[in-house]
Amino acid sequence: MTDQELQLLVEQMSLEYFGRSFLHKAYFNPRLKTTGGRYLLKSHNIELNRKSYELFGMEELRGIILHELCHYHLHIQGKGYKHRDKDFRNLMAKVGAPRYCSRIEESYRKHKTVHLYECATCHQQYIRKRRMDVRKYRCGICRGPLKKVSEFKKN
Ligand SMILES: [Zn+2]
Ligand SMILES: [Zn+2]
């Protein structure tokens, strides 16, 4: 996904879920590590972590965008845009946005290392907190062989 495609996606979701235009910039920032995205108060831009998309797919990315758009629209309208604000919590509930900006972050919060496996046949992904012997286990969906995709460590 390019920055341009991401920009379009954010603009579309802004109209679809909030009935308001997103008038600033959305782009992938390679420097984001464990957070899925962030809203910048000064520029009003939204930065996203490409890793969230690569690891967990489109649903994860859309969730993060929804979360950041909640910050964005409330801040622009001068309402409570912080995590603890009532306005923020109400809007999150209304659009169905996830509470955390990222599953990477959530996993990191609980575990030091996260292992990601994928079925070689159907590409179903499995997130594990412990290393798994891929010779002993098979895909729960199609019984295909598993392979390790990546491993993330907290610094
Ligand atoms: Zn947030
Ligand atoms: Zn499979």
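**Close-up views of a predicted model**

**View 1. His-115 sits in strand β4, which spans residues 113–119.** Everything shown here comes from a predicted model. Is His-115 buried or exposed? With a relative accessibility of 4%, below the 20% cut-off, His-115 counts as buried. Look for its side chain beside that of Lys-148: the two are joined by a polar contact of 2.8 Å. Leaving aside residues up to four places away in sequence, His-115 also touches Ser-150 and Glu-151, along with a run of neighbours that includes Tyr-126, Ile-127 and Arg-128.

**View 2. Three histidines coordinate the zinc ion (ligand 1).** The donor atoms are NE2 of His-67, His-71 and His-83, at 2.1 Å. Along the chain, these donors follow the spacing H-x3-H-x11-H. His-71 belongs to helix α2 (residues 50–76), while His-83 lies in the loop between α2 and α3 (86–95), so this pair ties together parts twelve residues apart in sequence. His-71 is buried, at 10% relative accessible area, whereas His-83 is partly exposed, at 44%.

**View 3. The largest nonpolar core holds 24 residues.** Which of its members touch the most others? They are Ile-46, Leu-48, Ile-65, Leu-69 and Cys-70. At least two core residues come from each of α1 (3–18), β1 (26–28), β3 (46–48), α2 and α3, and α2 gives the largest share, with eight.

Methods
Residues are numbered from 1 along each chain as its sequence is written. Chains are lettered from A and ligands numbered from 1 in the order in which they are written. This is a predicted model: local features need pLDDT of at least 70, side-chain atom pairs count only at pLDDT 80 or more; totals for chains, interfaces and linings use all residues. Side-chain values use heavy atoms; hydrogens and water are left out. Helices (H or I, at least four residues) and strands (E, at least two) are DSSP runs, numbered from the N terminus. Buried means under 20% relative accessible area, exposed over 50%, partly exposed in between (1.4 Å probe, protein chains only). A polar contact is a pair of N or O atoms within 3.5 Å; within protein, one must be able to donate a hydrogen and the other to accept it, and residues adjacent in sequence count only if both atoms are side-chain atoms. Contact means heavy atoms within 4.5 Å. Donors are N, O and S atoms within 2.8 Å of the metal (3.2 Å for Na, K and Ca); water is not among the atoms, so sites may look incomplete. A nonpolar core is a set of buried Ala, Val, Leu, Ile, Met, Phe, Trp, Tyr and Cys residues joined through side-chain atoms within 4.5 Å.
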